[in-house]
Amino acid sequence: MRIAKRLNQAQTMLVTAGRESSSAEWLLMHVLQVDRTGLLVRLSDELEPEQDLLFSEYLLAHLNGVPVQHLIGYQPFYGRDFRVSPAVLIPRPETEELIEFVTGRLQGEAFQPGEIVDIGTGSGAICLTLALELGQPVTTVDISADAIVVAKENQQRLGGDVTFLEGDLLAPLADQSVRVLVSNPPYIEEDELLSDVVFDHEPHLALFGGKDGLVFYRRLIEDSIRVLRDDFRLIAFEIGHNQGQEVQMMLKKRYPTVETGILKDINGKDRIVYAERKDCTE
């Protein structure tokens, strides 16, 4: 069977099952070991029987709920491929906007080891990308040893001056040591309905933030007063679309003299809450 016909069949199956049709391309590219351009130029080729069998196995697994990223083993993020597994949250495109904001604010500034901290290592998408884009050392913390293993594997492939600490949120960090605090903590409300692809295959530890989704923001902001230096530069959190006002008010209450704000993502939804001290950059 020609690749174009097989791809069309797979896309129809996915749409009928309520999945994204684009998943068929990702799976087929993985089977053929080509990028999207390579796939397009081969659409008129015949699919080899063993390739068709492997593609069918992947397709069935995804129809049964296994994320495409777990099947192909990686997720693109900010121009790099990050290895993922069931031990870590699959990086989302929206988080690239957190990277864009933080690097835009800090570009050209110099920091000492331990001053830039990412809480919630996961795959290493945030900490490694910040380290590589800024050319600065980054420290990251995760409570999951399995997640740190995945992140270190990504560091070995991609590079980045990152120090990994295992622990609960800010607990491993020294008092008055941090100038930049970045996090995409678990923020999904405990009774929110998720797709089976997410609920059954991604770590709940990285998804759910208590009854109202705000548990980890409260803890981070409450303990931040201990670890942040008096001349801290920036706090930046990714948030759920309905959490901006509450998280901003928490930051305003804790740090009334610094600028706070809410930024929307490309879809017009609240996505980032920040607290920024600008006087220390002048």
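This is a predicted model: local features need pLDDT of at least 70, side-chain atom pairs count only at pLDDT 80 or more; totals for chains, interfaces and linings use all residues.
D265 is buried, at 6% relative accessible area. I then looked for its partner. R271 makes a salt bridge with D265, and the closest N and O atoms lie 3.1 Å apart. Is R271 buried or exposed? I found R271 buried as well, with a relative accessible area of 9%.

Next I checked which salt bridges share partners. R105, E109, R233 and E276 are joined into one network in this way.

I went to one pair in that network. The side chains of E276 and R105 form a salt bridge, 2.9 Å from N to O. How many residues separate the two? The answer is 171, so I noted the pair as a link between distant parts of the chain, and I take the burial of each end below. E276 sits in strand β9, residues 270-276. R105 sits in helix α6, residues 95-106. I looked up accessibility for both. E276 has 3% relative accessibility and counts as buried, because the cut-off for buried is under 20%. R105 is partly exposed, at 30%.

E153 and R83 meet through their side chains in a salt bridge, with an N to O distance of 2.9 Å. Where do the two residues lie? E153 belongs to helix α8, residues 145-158, and R83 to strand β2, residues 80-83. I noted a separation of 70 residues. Both ends went through the accessibility check. E153 is partly exposed, with a relative accessible area of 31%. R83 is partly exposed too, at 32% relative accessibility.

R83 took me to strand β2. Which residues form its covered face? I found R80 and F82 there. D81 and R83 make up the uncovered face.

I followed β2 to its neighbour. Strand β1, residues 74-77, runs antiparallel to β2, and four bridges join them. F77 stands opposite R80 of β2. I also looked at the turn of this hairpin. Two residues lie between the strands. Y78 takes a positive phi there, near 50°.

Last, I checked the total. How many salt bridges does the structure hold? I noted 17. Among them are R271 with D265, E276 with R105, and E153 with R83.

Conventions: Residues are numbered from 1 along each chain as its sequence is written. Side-chain values use heavy atoms; hydrogens and water are left out. A salt bridge is a side-chain nitrogen of Lys or Arg within 4 Å of a carboxyl oxygen of Asp or Glu. Buried means under 20% relative accessible area, exposed over 50%, partly exposed in between (1.4 Å probe, protein chains only). Two strands pair if DSSP finds at least two bridges between them.
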